[in-house]
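Good morning, and thank you for coming. Please look at the structure first.

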Amino acid sequence: MSAIRGRRHRVIPGFGLTLGVTLLYLSLIVLIPLSATFLKASTAGWSACWHTVTEPRALASYRLSFGAAFIGAAVNAIMGLVVAWVLVRYQFPGRRIIDALVDLPFALPTAVAGITLTTVLSVHGWIGRYLEPLGITAAFSPLGVVIALIFIGLPFVVRTVQPVLQALDPELEEAAASLGAGRWQTFARVIIPELWPALLTGFALAFARAIGEYGSVVFISGNMPMRTEITPLLIITKLEQYDYAGATAIGVFMLLVSFALLLVINLLQWWSGKRHA
Amino acid sequence: MRKPHVAEPTAVRWGVMAVALVFLILFLVVPLAAVFTEAFRKGVGVYLAALREPDALAAIRLTLLTAVITVPLNLVFGVVAAWAIAKFEFPGKQLLITLIDLPFSVSPVVAGLIYVLLFGRQGWFGPWLTAHHIKMVFAVPGIVLATMFVTCPFVARELIPLMQAQGTDDEEAARVLGASGWQIFWRVTLPNITWGLLYGVILCNARAMGEFGAVSVVSGHIRGQTNTIPLHVEILYNEYHAAAAFAVASLLALLALITLAAKTVVERKARQSLKGFVHEY
C-alpha cells in the first residue's frame, strides 16, 4: 500500500534533485559549520570547557541573560495576549495600522532598535526624563536589558495567540454564558484554557530569541562585567581577547540551550496543533 | 457585532484597549518616531552629509552587495526545499523542517562565531587559507556567509506551509498532460506561490540588510571595507556622532517601514489568491 502511495507521489519529477540540493546547501551553510564548532570544543577538552562555562563572570552573564529573557517573555505573554485580544475582538480606527506595526521589532534592525531605545530611555530621553525623578534608571541597567528584550519579543506572543483567538468557536463562549457564567468566568475557565498552548509557545519563542539577542541589548546594557554583561557579549569579548577556546565553550553551551528550547517549542507546537486540528 | 452576553462590559473594553494602546505606543511608536527625530535633530544639512560621507557610502555598497548575493541564493534554496518537502513524502521530513528552522534559534553572535572557528586564523581551515592568501573572516566572504546562515530559513518557511496547503493535484494533472518538471514549476506551481514567495524574499532581504550580531563578529570593523550599514551606525554612535548615527539608522528604519507595508499588501493578496484557490475547487 505504502509503495503504491509512494509511487503515486513520485509522478511529479524532481524529488532527488530538490532533496539533494536542499541537503547540500543546508550541510554547507548550517550543519557542517555547527558540527565543526562542537568538534572544536571537544579538541579543547571538556574539562577546560566546563571550567570556562562555570566561571563567575559567565555565571553572572547567564543570570542576567536568562533572568531578563524570562521577565521579558513573561511581560510579553501578558501584554501580547492583551494586544492580540484587542486586535481580534475590538473594532477601532487605525486597527490595521497597529496590526501591521506589531511586526516592527522583526523588521527593524536590532542595532537601530538598540541605539533608539538607549536614547529614549537615557536621562534626557523622551521616556527616561520621566523615569529619572522616580528614581528609576532604565538605560545602562538590568532594567534596560529587560525593556530591550520586551521590545524584540513583542511580536512572538501576539502572532501565535492571534490566529488561535480568531479561530475560537463563538459557540463555546455562548454556551458558557447561557449556562450562567459571567464574562470573567468565561474568560478564565473557557478562553484561557483554549489559548494556553499558543501562549506558552509564544512565551518560549520570545524567551529563546531573547537569550541570544545581541544588537538591541548591547547599547542599552552598559556592558559592565558581572553586572550588565549579557552572555552573547561575553562571547564577543573573549573573541576580541583571542580567547577562542573560551568563546567556543560558551558558544557551545548557548547552542545546547538553543537546541533544548527548540525541542520544547516543537513539542508545544505539536501539542497546540493536536488540540486545534 | 458580538452579542451582548458574550462581550465585555464597555468600561472593561475601554480599559483593555487603553492598556494595549499605551503599551504599543511606548514600545513601538515612540522608538520609531525617535529614530527620525534624532536623525534630523541637527538639520537636513547634517543628515545629508552623514549619508554622503565616503564611509557611509562604502557601508551602503557593502550592505547592498551582501543582500544581492544572499537573497537570490536563499530564494533558490527556499523554493527547492519547499518543493522537496511539500510535493513528496519521505521519512525524516519533520526533522528536515526543524533543521531548516535551526538558524532562527541560534544566537546571531554564535552564528558569527561558528564561521570564525571555521575560517579564522585559529579555525579548521585557517592555516590552509593563510597559506593560499585567502581572507574569509574579517573580510567580505565571511560577512556574506554569516548573513546566509542567519537568513536561510526565511523563504523556505514561508513556502513550505503554503505549498503543503495547496497539495499536488495541479502538478500531477500537468504531468499527466505531458508537461516537463520545469514547465510544471513555471506554469503551474510558481503562479500559485507568487505572493508567499515575495513575502519571504521581503523578510529575507530586511534581515540580510539589517543583520548586526553575526556580521559584527566576522567583520573586523574595517572602515570603508568591511562595515555594513548597521556596523557603521554602531561606530558613529559609539563615537558620539549621535545625529549622524541616527541619520544612517533612519535608512534602515525606512527599510523596516517599507517591509511592513509590503508585508501588509502581500498578505492581503495571498489571502485573496488562497480564497480564489479554495473557491475553484
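The side chain of B:E211 makes a polar contact with that of B:R207, at 2.8 Å; such a contact is a pair of N or O atoms within 3.5 Å, and within protein one must be able to donate a hydrogen and the other to accept it, while residues adjacent in sequence count only if both atoms are side-chain atoms. A polar atom of the B:E211 side chain also lies 3.3 Å from the backbone nitrogen of B:G213.

This is a predicted model, in which local features need pLDDT of at least 70 and side-chain atom pairs count only at pLDDT 80 or more, whereas totals for chains, interfaces and linings use all residues. Side-chain values use heavy atoms, without hydrogens and water, residues are numbered from 1 along each chain as its sequence is written, and chains are lettered from A and ligands numbered from 1 in the order in which they are written.

Is B:E211 buried or exposed? B:E211 is buried, at 4% relative accessible area; buried means under 20%, exposed over 50% and partly exposed in between, with a 1.4 Å probe and protein chains only. Beyond its neighbours within four places in sequence, B:E211 is in contact with B:P108, B:V150 and B:P230, where contact means heavy atoms within 4.5 Å.

On confidence, the model scores ipTM 0.90 and pTM 0.90. Chain B averages a pLDDT of 90, with 95% of the residues scoring at least 70; pLDDT is the predictor's confidence in each residue, from 0 to 100.
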